[in-house]
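Good morning, and thank you for joining. Please look at the chain on the screen while I go through its helices and charged pairs.

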Amino acid sequence: MHLGKLKNEAFIKAYKLYGFSTVTQLIDVACEELKRKIAQKRRAKWREEAHQEYAKSSPKYIWKDIDGEDFFHH
């Protein structure tokens, strides 16, 4: 695998020091961690946007009555 010139080349060359038997294993784990971090940031951004939207919304629509034969009032 040719990765080109990397900032962290020394880190990658020390893959055995971190318990990996191959550079590919190290890179696979790094990529999975990167994907996890990106997903985490996306979820945090979505939560923040959802909270802002909720704060701007009207309670009239949030707590609307549920009608239908599956939902009846006593």
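By about how many helical turns are arginine 36 and glutamate 33 separated in helix 2? The separation is about one helical turn, because the two are three residues apart in helix 2.

Some conventions are needed here. This is a predicted model, in which local features need pLDDT of at least 70 and side-chain atom pairs count only at pLDDT 80 or more, while totals for chains, interfaces and linings use all residues. Residues are numbered from 1 along each chain as its sequence is written, and side-chain values use heavy atoms, without hydrogens and water.

The chain has three helices and zero strands, where helices (H or I, at least four residues) and strands (E, at least two) are DSSP runs numbered from the N terminus.

In helix 1, lysine 13 and glutamate 9 lie four residues apart and form a salt bridge at 3.2 Å.

As for exposure, buried means under 20% relative accessible area, exposed over 50%, and partly exposed in between (1.4 Å probe, protein chains only). Lysine 13 is exposed at 61%, whereas glutamate 9 is partly exposed at 32%. Isoleucine 12, also in helix 1, is buried at 17%.

Note on methods. A salt bridge is a side-chain nitrogen of Lys or Arg within 4 Å of a carboxyl oxygen of Asp or Glu.
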